[in-house]
Amino acid sequence: MPHRDQRDTLLQRLGIEELNPAAALGDGSWRSGIGGFASIDPAVGEPLALVQRATPDDLEAALAAACRVFRHWREVPAPRRGLFVRDLADAWREKKDELGTLIALETGKIKAEADGEVQEMIDIADFAVGLSRRLEGSVLASERPQHRLFEQWHPLGPVAVITAFNFPAAVWAWNATLAAVCGDTVVWKPSPKAPLSAVAVQRIADEVAARHGAGGVFTLVLSDETWPVERLAGDARVPLVSFTGSSHVGRAVAPLVAHRFGRCLLECSGNNALIVDESADLDLALPAILFGAVGTAGQRCTTTRRLFVHEARLDELIDRLTRAYAQIRIGDPLEPATLLGPLIDEEARRAFVAAVAEAQAAGGELLHGGNTLPGHGFFVEPTLIRADNAWPVVQRETFAPILYLMPFRTLDEAIRLQNAAPQGLASALFTSDLRRAERFLAAAGSDCGIANVNLGTSGAEVGGAFGGEKETGGGREAGSDAWKAYMRRQTATINWGSSLPLAQGINFRPPSTKPPVAS
Ligand code: NAD
């Protein structure tokens, strides 16, 4: 049982083997909750470890700590808050291999991608450190003499960060590092499918926080129940709820936050399309399609799920793709030669089986795969199906390595089909024609939050803002000016003159308060 041996040394090296955690208060103290639930190793279908389930008192303790610490943290100068995040990044650099292995064990993503996830945490932390010295407002021209009009940004408060299983550490880091430099505190409710990764990340953060007087900036609540999310969404002490997960759950969480006029940052489902036009360089397109459709076993929000191919290139691309699919090594995510690990759980495997059956019943032609693999792990074959964009199965996100392939005649038709989906996260066009590239990126082109030319839908850098439109939720995280979501904007005007002119030239003064007329 190699995974079990690896697990024991790993948990020891990450310092979490003896924790019995349900909640962390961010100052090194843990609460033990009640009952327990298992983190399952999806490659073997067996428990990796048990964690505890937080009680309402545990959640209240974490939230109370986040509120209390916020009152102090918001007054720490931003560049000093950045030093805390800088040291966090260094701690992640040191523990990259261990964290990557734990993420691979717990989610089933291959080690190279799991290490990439830790690298993404480091990258966003580096970005946040730079940001901590340039959180900027703007000075605007006032219409009134001797007045200064400007905008400034203040810390917002405790932020609830609710995360999905597929990026069990990086999505928290995207939110938490920006929130921390912005002067906010964070209450994290991770996915119950990947609690150990969260515990390991929290443990590292606690150590670094202790050196920076930042205890309680990051807190954690573990549960496999829905009430903690509902509680956080409905609590007016939490000005921002950052939710990453399915559109189905996002649709339930958002109204709870809106009802109390809180803010929601929604990063929900994707159903991403890649278009291969007549002039495309297939040597570029092919590896992009493979990584996009098969990487992370099709369990990325940016996974390529729909492939539109110009009819003139269809036969050639099908031939090359099916040959490449046949070479994909499926197996242990910790083996370096593996390209496709397991799905997260049995439910995901059932959803795969159901989607393949539904596509075939609708008339889909199975070009590759379509089967589950025997054994206790949740393995499936990478699957390629010739389909129709209008079928309900193609319109919804099935979190599995299924790629629906569809021909088109004109680029306008392909863009129309691509946009004809409820989600709007990532999109890509492969072309050697500059005019078509620009057409794809123009206002009437892709309607997605991410639009790439000659690279795939998957694997964004942290420098740009990340997120999508329509049922993907409209949120933006990571780079660019995404930090503004974690702060409150204040418009301020200072009158440094000795009269009180009103805006719009309004005269509002009873005669007795008029200045005396000079004789
Ligand atoms: P999920 O919606 O099942 O769970 C997300 C979070 O919500 C988890 O913390 C979970 O415990 C909680 N939750 C689940 N059901 C709930 C309920 N009924 N009430 C309250 N909370 C609930 O998502 P998942 O299966 O963990 O992740 C996959 C989904 O996340 C996919 O749809 C994927 O596209 C999306 N995702 C989006 C992004 C993005 O940036 N757009 C990134 C990663 C994942």
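Is F165 buried or exposed? F165 counts as buried, because its relative accessibility is 11%; buried means under 20% relative accessible area, exposed over 50% and partly exposed in between, with a 1.4 Å probe and protein chains only.

A word on the source. This is a predicted model, in which local features need pLDDT of at least 70 and side-chain atom pairs count only at pLDDT 80 or more, while totals for chains, interfaces and linings use all residues. Residues are numbered from 1 along each chain as its sequence is written, and side-chain values use heavy atoms, with hydrogens and water left out.

Now the rings. Searching the whole structure gives eight aromatic pairs. Rings of Phe, Tyr and Trp (its six-membered ring) pair if their centres lie within 6.5 Å; planes under 30 degrees apart count as stacked, over 60 as edge-to-face and the rest as tilted. One of the pairs is F165 with F399, edge-to-face, at 5.9 Å centre to centre and 85° between the planes. F165 is in the loop between β7 (158–162) and α6 (170–181), and F399 is in the loop between α13 (392–395) and β16 (402–408), so this pair links parts of the chain 234 residues apart. Helices (H or I, at least four residues) and strands (E, at least two) are DSSP runs, numbered from the N terminus. F399 counts as partly exposed, because its relative accessibility is 22%.

W172 and F218 also pair edge-to-face, with 4.9 Å between centres and 75° between planes. W172 belongs to helix α6 and F218 to strand β9 (residues 218–221), so the pair ties together parts 46 residues apart in sequence. W172, at 1% relative accessibility, counts as buried, and so does F218, at 3%. One aromatic cluster is formed by W73, F84, W92, W172, W188 and F218.

Two charges sit over rings, meaning that NZ of Lys or CZ of Arg is within 6 Å of the ring centre and within 35 degrees of the ring normal. The charged end of K109 is over the ring of F167, 3.7 Å from its centre. For R148 over F150, the distance to the ring centre is 4.3 Å.

Last, the pocket lining. What does β19 (450–453) supply to the second largest pocket? β19 gives the largest share of the lining, three residues, and β19 and β20 (465–466) each supply at least two.
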